[in-house]
Amino acid sequence: MRITCIGGGPAGLYFALLMKKQNPANRVTVLERNRAGDTFGWGVVFSDQTLAALREADPKTAGQILDAFNHWDDIAVHIQGRKLVSGGHGFCGIGRMKLLNILQQRCEELGVEIRYQSDVQDDAEIVDADLIIAADGLNSRIRQKYAASYQPDIDLRNCRFVWLGTTKLFDAFTFDFQQTEWGWFQAHAYRFDETHSTFIVETPEAVWQAAGLEAMSKEEGIAFCEQLFAKVLDGHKLISNASHLRGSAQWIRFPRVVCQRWVHRNAAGVPVVLMGDAAHTAHFSIGSGTKLALEDAIALARDIGQAAQGELDAALKDYEAARGIEVLRIQNAARNSTEWFENVERHARLAPEQFAYSLLTRSQRISHENLRLRDAGYVREFERWLGERSGVAGGQAVPPMFTPFKLRGTALKNRVVVSPMAQYSCVDGLPGDYHLMHLGARAAGGAGLVFAEMTCTSPDARITPGCPGLWSDAQGAAWKRIVDHVHAHTTAKIAMQLGHAGAKGSTRVAWEGIDQPLEAGNWPLISASPQQYLEGVSQTSRAMTREDMDRVKADFVAATKRAAAAGFDWLELHCAHGYLLSSFISPLTNRREDAYGGSLENRLRYPLEVFTAMREVWPQDKPMSVRISAHDWVKGGTTPDDAVRIAAAFKAAGADLIDVSSGQVSKAEKPTYGRMWQTPFSEAVRNKVGIATIAVGAISEADHVNSIIAAGRADLCAIARPHLANPAWTLTEAAKIGYLGGPGLDWPQPYISGKTQLEREFGRQRAQGGGAAAADAANKALGV
């Protein structure tokens, strides 16, 4: 096979040597536009997982790379005059030039032809190849030429950064954060050989401009950074090796690149395959760019080697499919990490201990238990610190999910919430024995707070005929029976969530056709503006008049009084998911031209009226929260930035907490799912607005809750589906992580014998397979 690689970076060189090793008869050529000794980077970072893949692909190259590595275990975080260190992270660094030299020498040894100073402008210049690899980097000309085929999506991120070096030899992967009159700057620094360290300086675009760096020469910019980070540099200078760049051009914004397709056949019928940064990028803060490039090369060489004779197309198809999924996984983690560093100002409001923990877990791939495996002492001391701040007595190290939480006069024993989950099991809005059983079982299951499902303020406020209500005294009495049961038999608190379905009402219960209109007995619908939730299917609602607004507000106030009389510990107003009050907030559903439409301030006016009226009659010593949709996931809809403003408005009106959800406003939505996928919205609201939050969305295990609470991303975590499958989810998760007793955990006395058996079983599992499983989890996390 005749193979030409455009680009002599890690991807092109490594693929070339693997293909030559695989079959010495292959004619492999690498075309590199620079000279042999040119490089414009400093050091690169690998994890132990990456090294294992290199050893399997080519042991000789892996051995040479390993011999050149500098290893370290610690991550050091410098913030507000403090240095916080966590160990056991297992990183290694190598100079980019050293890595390229190793790959170049190995290519030459195997018979690969490397042509330096070969600046290929167009793949059409290559006339004697069966396969062309476009490894021509971030600004790939090939990707640009065939953009219609590759379908690249390039997102230019918000921070400026400059890639420098220094002779200061850091003994840990070091993050240094400095606050200036213009905003925050941060440095990412690590040693990569015996004489130098990489030193990346990063700051948001607005801060970079305000500091005047745009107008500085290269030398002035470097001097600025030296002065700013003088303490951590300890007298050492910063160095640039980007001689081709002038002035502020050395400061760049990171482009996140993702391509829908990686293979194109050119006019000559030759497949042109993207590899490395030409195909994808991952932010330097998770150190995966070179890792992904090398793994691309390994994957394609393997797929070609395993394909039948003449089946190159099948191999390329396998490569594109498998690598696309793996890269997306890494890019999701990289996106979380990127956004964390773009919002240092928000995180810097945390105490240094929590700030450092948040940084360590920023990608959401390194969790609380991953950290414990790496550095049990660090986690133990952090748990003691967090427990003391939360009110845990005696200096105990308590898992974050089991620390207490208090709002106004309501104290929760732990941070676990049973989400409000529609059960569609009422007749005429009256909760009965089913609800006593359902909510009572979950209150006994260990959670600190149990929510009743969205309860409606009038018959026409219901989603379905099976939804509960609080528009009559009989319903109030039925709810009081349930509240009294929870208080008498458990230590959980119980919350009421009040809402009005709006345009999403008058539908069938979920198992008969969710969101489908009733076959008979429909009631009229109202919303901010005329709306049909399912186009061509749903009923069409009419716009509310002022008279409607007054009536609905009065219904909410009356239901609030009944909730107080029933003894609920907590009240939440539902302003999310496209229901009535949400329909005012979202520009997708509010097209009014009066004082309640137009600007976000106007769209919030009626929901705030309702909230204020409810807060006035709700007991002052009890908390009140608001559920919002932080993102409509539709162009032109509510955005996460809007969510911060929405939360701030409710805080000013007296809200104690924001329950941060998203979506369900429009059927045109395109959410980005994943574990803990809505937690970033909660974190932004909590730390920008300065208000407590509940995080929701694919939070399914103790490790998720512990990580979220410990990092200050939320104050409470709401668990939905897992609580449907297991009412005692909290108790089960406690046993699973080995938390056998202490603050925040109490088993009902009649269940104690089950506690002992459950703990023994999970203890056996940890002893038999936990070590290997834990190691696998840690290695997986190290891959980012």
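This is a short walk through one chain, from its overall form down to single residues.

Good morning. A word of caution to start: what you see is a predicted model.

Let's take the whole chain. How many helices and strands does the secondary structure come to? It comes to 26 helices and 30 strands. Along the principal axes, the C-alpha atoms fill a box of roughly 85 × 60 × 55 Å. Next, the radius of gyration. A compact globule with 784 residues would have one near 28 Å, and the chain has 29 Å, so the two agree.

Buried residues make up 59% of the 784 residues. The chain exposes about 30,200 Å². Carbon and sulfur atoms supply 50% of that area. And the contacts? Residues 24 or more positions apart account for 72% of them.

The structure holds 4 cavities of 30 Å³ or more. About 60 Å³ of space lies in the largest cavity.

Helix 16 covers residues 433-443. Its buried residues are H435, L436, H438, L439, G440, R442 and A443. An α-helix has 3.6 residues a turn, so residues three or four places apart point the same way. What covers the buried residues of helix 16? The cover includes two strands, strand 20 (416-418) and strand 21 (449-451). It also includes helix 17 (473-489) and helix 24 (721-725).

Now to single residues. First, T29. T29 sits in strand 2, residues 27-31. Is T29 buried or exposed? Its relative accessibility is 7%, and the cut-off for buried is under 20%, so T29 counts as buried. Set aside residues up to four places away in sequence. T29 then touches I3, T4, C5, E113 and R115.

Second, R362. This arginine lies in the loop between helix 13 (352-360) and helix 14 (368-374). R362 is in a loop, and R362 is buried, with a relative accessible area of 11%. What is R362 in contact with, leaving aside neighbours within four places in sequence? The list is F175, S285, N336, S337, W340, F341 and R713. Look at S337 in particular. R362 and S337 are 25 residues apart in sequence. In space, they are 5.4 Å apart, C-alpha to C-alpha.

Last, two residues with a backbone angle to note. Most residues other than glycine have a negative phi. R408 has a positive phi, near 50 degrees, and is not glycine. Where is R408 found? It is in the loop between strand 18 (405-407) and strand 19 (410-412). R408 is partly exposed, with a relative accessible area of 33%.

Q664 also has a positive phi, of about 65 degrees, although it is not a glycine. Its place is the loop between strand 28 (657-661) and helix 22 (679-690). Q664 is partly exposed, with a relative accessible area of 35%.

That is the tour. Thank you.

Technical notes. Residues numbered from 1 in each chain as written. Predicted model: local features only at pLDDT ≥ 70, side-chain atom pairs only at ≥ 80, totals over all residues. Heavy atoms only, no water. 1 Å grid on protein atoms, 1.4 Å probe; cavity = no way out; pocket = protein on both sides within 12 Å on 5 of 7 lines; lining within 4 Å. Points joined across faces, edges and corners; volume = space filled by probe spheres on them. Buried < 20%, exposed > 50% of the residue type's maximum accessible area, 1.4 Å probe, protein only. Helix = DSSP H or I, 4+ residues; strand = E, 2+ residues; numbered from the N terminus. Contact = heavy atoms within 4.5 Å. Rg over C-alpha atoms; globule rule 2.2 N^0.38 Å. Areas by Shrake-Rupley, 256 points an atom, 1.4 Å probe, with all protein chains shown as cover.
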